[in-house]
Structures are given as structure tokens and as C-alpha cells.
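My entries follow in the order in which I looked.

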Amino acid sequence: MLCTRITNARVVTMDPDRPTARQLGIWQGRIVGLDSDVADLPARRVLDLGGATVLPGFIDSHVHLVWAGLKAKAPSVAPSTRVDDVLKVVADAVAAAPGDGWVTLAGYDQRELDRPLTAKELDAVSAGRKVYLGHISGHACLVNTAILDLLPAHVAGSDGFLAEEDMGAVLRLRPPHALGELADAIEHAARQCRSEGVTAVAEAGIGSELFAHSPIEAAAYQLAHESGRLPVRVQLMVAADALAPVEAAREDTTTRAFGLGLRTGFGDGGLSLGALKVFTDGGMMARTAALTDPYVGGESNGQLQMAPDLLKDTIVAGHRAGWQLAVHAIGDRAVDVALDGLEAAQRSRPRPDARHRVEHAGLVRPEQLRRFAELGVTAVVQPSFLRYFGDDYATIMGPERAPWMYRGRGFLDHGVRLVGSSDRPVADGAPLRAIQFMVERASASGQAIGPDEAVDVDAALRAYTIDAAYACHWEDSAGSITPGKRADLVVLGEDPREVEPGRIGDIEVLGTFVEGEDDLAAPAAGTP
């Protein structure tokens, strides 16, 4: 007997061998058949979806759940265009914060303000507390003098705006969050993901010296999972700086590892280990993405996180130890470093199915597309960055480079697997809005950004389903509605392939299934 039979649905399977269906059957969390295969089977429950569209659950291949959950609960200075408004929010947050600990706020964006905000101005509203304003990019912060005084002299001499490693120095001073607080943050962000049709995610880096919220952050995921507070499947990337040198047998080719030597593929079910995350540069909002040529209107080319040779050594060591690699590279100079490292890694020890990824691939020159293809590297992009920040990005890149940002068609035309993601909470995490951008290539203001990089709706859907599953080594169990795979599904009010592109982002998410367990409202489910 089936656990559930779904009827009267527009099932878009993303499986080329059987692309559509009207019915599907679920047994013990797995899809067992479609249409006539299940039509006559008895079922404990029959759901008439009234013509709603069913797709494989969306997979967001690059998120930060801890950060998203903490940010959602922190006072925010966004959106603000006046320094005086920011200072009022800070003053109110200081007054409301109990005790004498750090006061952390979110949403800082120096680009939008009427004048530069400095540490000394923060001091006037800090009441002697340590005040930290997190930048919306995650790659910078603004702090007051009480924090600057604890830092090395070369950092303390700044005006309080700190990026990359200097920001990391601040975070290493901040007391770690409690595991219970982190588990709450994970649950909050994961439930938001699921409400937007996401059934599985890849957490993009735990254990980083630069971005960690606790030295034992993974334990918070385990706590959330074992206490039933992880409503989506999670794959954890491990930051490369969490690894330490080890002496192993020469034939094992492992020179760096963490803990007991665990690597990509450990775990199953709702929580597992994914790729090794390697940071090569910063971000465009903080102007720290590493470019070959300077940002328009400035002399800076951004910055690499460390010397290119050291980054290459890290990539090669991770590859030789058996990890899948997820290399953060936003600027085109950083992309060069990432591809050089991945090429050296494969040359030192060929692993044809390593499935290495470049995270973001924010600015990719035309000749770099061929290298992605030759190396078999997956591009994991964030379409919503251009939807929400595209006007700014286009300005700082200029007309020649703007079409190279967060490409779509260019990757596909070169045979490169294209995967969509959000980098939540940096941008809106809703997959349908990202899919709309991939088709339209228009910012929220209507500006066309690289229109030749637009893809069709089917390609955009693949980027959030079957190709995303492949990037996470889940293609045997997720990404398409195929018998034998997990019953991870999203139910939509309309078919994204049949509405005007400008309406895709507004399609209603009626509910989701994760291994056959659904969160559909009873009236929408149509249960007899």
C-alpha cells in the first residue's frame, strides 16, 4: 500500500525520460511510480492537488543558515541612507541590550549613506559597549573604538570600517554563540528556505577562522538535526582553514585533515559532509573581489585572501585528500587563481568525478569559460545578486565587463554545468525570483544586465533541481521526480514554464514534501 498518492497534478519531473505526469505514488519517503504505475494501487492517503504544479524540491547549493538566522533576529540598520538614522538604530539597540556584552547589528551598507560613518560617531551612541555592525556582504563590518582598541595597531588606526582578514580579527575577539542559540538560528533560516520551496541546501562553510560563529559550529547542526528542528536536508561544507597538517601514509596523499580525517560524502539522510570551502577573494559590495583591472572610479583591484601560491597549495592538498572543492572566487583574477589551482590538483592526482565547483563565479572573462569546460568545473552562481545589486555592480564593472557577471548562457554554451543558489542571507533566497532573473536578466530597477546571458525557463529550473543535485552528489536520490528517488517535492500554484517571465517570482509556493512528509495546508491538499 502506498503511503501517499498525488493526483490531479501537473508533475514536471525534470527527468528527460519521462518529463511529465499527472499522478505519482510515494512509499516510505520514496517515489515509487508515476501515472499508470500507481493509479490502481491502494494508498493510505490520496491528495488531489486541483491542477497545481509539482516539481522536484528546489536545492539551494550555497547558503549560510546560521548567519541568516542570527541576522534575522538582530537589530538592523537597513535600509538607511542617512548616518543619523543609523546612529539612532544603534543607540536604541544599545539601550535594549541587557548586560555589558557586545551589541551586534546587521544590514550595514556604506554605499547607501549620505556620508562616511566612523568609529568615533559610533562611540557617541555606544554607552561604552563594544558595537559591531555587520556589512550586508558578510565581508566587512563597522566597529567602534572599544573594539578597535583591542586590535593590532595597523587595524586600530582605521576609521572603523574593516574588511576580510581585519574583520576576521574582530570576530575572533567576539565571544562564541551558544549552541542552543545557533540551533535556533539554523531552524529559523531553514524554515524560511522551506517556505520558499527549498527542500535541501548546502551550508557554505563551517569552521572558518574568518567567518565562524563558534569553533564547534557543526555541533549546532547536529543538535538541530537530532532534535527535529532541521526541516530541510543539509550538506555542510568545511572551510579549508579548519584543516590541520597531518602525517598519513604516503599512498593516502593526505597532508591536511580535520578531526578523524572525515571528508566529502560522510553522513547521510538529513545531515552530511559536502565540499571543502576555499576562499580566494572577497566580494563586490565590499570592493574586495579580486579583479584583473581596477573597479571603475577607483584604483583598487580588490584583494586575494592569501598569496596565489598558498591558495594553490590549499586547493591541491584538499583535492589529494579526497575532498570535493568549492572554491569561492568572485572577481576574474580570483577565478584565474581558482582554475589554476584546480588544474594543478587534477594534474597531480587525476580524479575525473571530483565535481569541483567555483562558488559565485561573479566575473568570468570570455576565455575563462573554456577553462571551466576543460577542467569539468561546475559554476555555482547567485542570480539574485544581479537582481538586487546589479545596478551597483554594473557601474563598478563598466559596460565592457558588466555582461560577464554571474553568467548563464555563456556557461551552458561551453558545456559547463550551471547551478543556481542564493548565498542567503546576502540576497533574497527565493529560488523562483532567481529563476525569473536567469530568464529576464533584469535588475529590480529594470536595467538589463548581460541580456545575452539569459537562459530559458527549463535551464533555470535545472539549475535549481537536477544540476544542483549533481553538484552536491545527490543526483541518485534527488533533483528529479524519478522512481527510487526521495519524495522531495515543491507544489506551486502555477507552472513557471507557462507564465510570463516577469511573473515567475510571484508564483505561490503552496507547500513542500521532504521524504514524503508535507507541509501543505489541509484545504490546498484536497485530502478526501
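**Cysteines**

I began with Cys141, which counts as buried because its relative accessibility is 0%; buried here means under 20% relative accessible area, exposed over 50%, and partly exposed in between, with a 1.4 Å probe and protein chains only. I note that this is a predicted model, in which local features need pLDDT of at least 70 and side-chain atom pairs count only at pLDDT 80 or more, while totals for chains, interfaces and linings use all residues. Residues are numbered from 1 along each chain as its sequence is written, and side-chain values use heavy atoms, with hydrogens and water left out.

My search of the whole structure for disulfides (pairs of cysteine sulfur atoms within 2.5 Å) returned zero. Cys193 is in no disulfide, and the nearest cysteine sulfur, that of Cys472, is 13 Å away. Cys193 is also buried, with a relative accessible area of 0%.

**Aromatic rings**

Next I asked how many aromatic pairs a search of the whole structure finds. The search finds five, where rings of Phe, Tyr and Trp (its six-membered ring) pair if their centres lie within 6.5 Å, and planes under 30 degrees apart count as stacked, over 60 as edge-to-face and the rest as tilted. Phe385 and Phe389 form a tilted pair, 6.0 Å centre to centre with 55° between the planes. Both residues lie in helix α12 (residues 383-401), four residues apart, which is about one turn of the helix; helices (H or I, at least four residues) and strands (E, at least two) are DSSP runs, numbered from the N terminus.

Phe385 also pairs with Tyr406, this time edge-to-face, at 5.6 Å centre to centre and 70° between the planes. Phe385 lies in helix α12 and Tyr406 in the loop between α12 and α13 (409-413), so this pair ties together parts that are 21 residues apart in sequence. I find Phe385 buried at a relative accessible area of 3%, and Tyr406 buried with a relative accessible area of 3%. Ring pairs link Phe385, Phe389, Tyr393 and Tyr406 into a cluster.

I then looked for charges over rings, meaning NZ of Lys or CZ of Arg within 6 Å of the ring centre and within 35 degrees of the ring normal. The charged end of Arg355 sits over the ring of Tyr470, 3.8 Å from its centre, and that of Arg174 sits over the ring of Tyr132, 5.3 Å from its centre.

**Inner spaces**

Grid points are joined across faces, edges and corners, and a volume is the space filled by probe spheres set on the points.

The structure holds one cavity of 30 Å³ or more, and the largest cavity has a volume of about 50 Å³. Its lining includes Tyr406, Met438 and Arg441. I sorted that lining into five nonpolar, one polar and three charged residues, counting Ala, Val, Leu, Ile, Met, Phe, Trp, Tyr, Cys and Pro as nonpolar, Asp, Glu, Lys and Arg as charged, and the others, Gly among them, as polar.

The second largest pocket holds about 400 Å³ of space. Of the 18 residues that line this pocket, the closest to its centre are Ile206, Ala218, Leu236, Phe258 and Leu273. Helix α8 gives the most to the lining, with four residues, and the lining as a whole divides into 13 nonpolar, four polar and one charged.

**Helix α14 and the backbone**

Eight of the ten residues of helix α14 (residues 431-440) are buried, so this helix is largely enclosed by the rest of the structure. Among the buried residues are Leu432, Phe437 and Met438. Just after α14, Arg441 takes a positive phi of about 55°.

I noted two cis peptide bonds: the one from Ala78 to Pro79 has omega near -10°, and the one from Arg424 to Pro425 has omega near 10°. Pro79 lies in the loop between α1 (65-73) and α2 (83-96), and Pro425 in the loop between β22 (418-420) and α14.

Last, I looked at His360 in strand β20 (residues 357-360), which has a positive phi of about 90° although it is not a glycine. His360 is buried, with a relative accessible area of 2%.

Terms used
1 Å grid on protein atoms, 1.4 Å probe; cavity = no way out; pocket = protein on both sides within 12 Å on 5 of 7 lines; lining within 4 Å.
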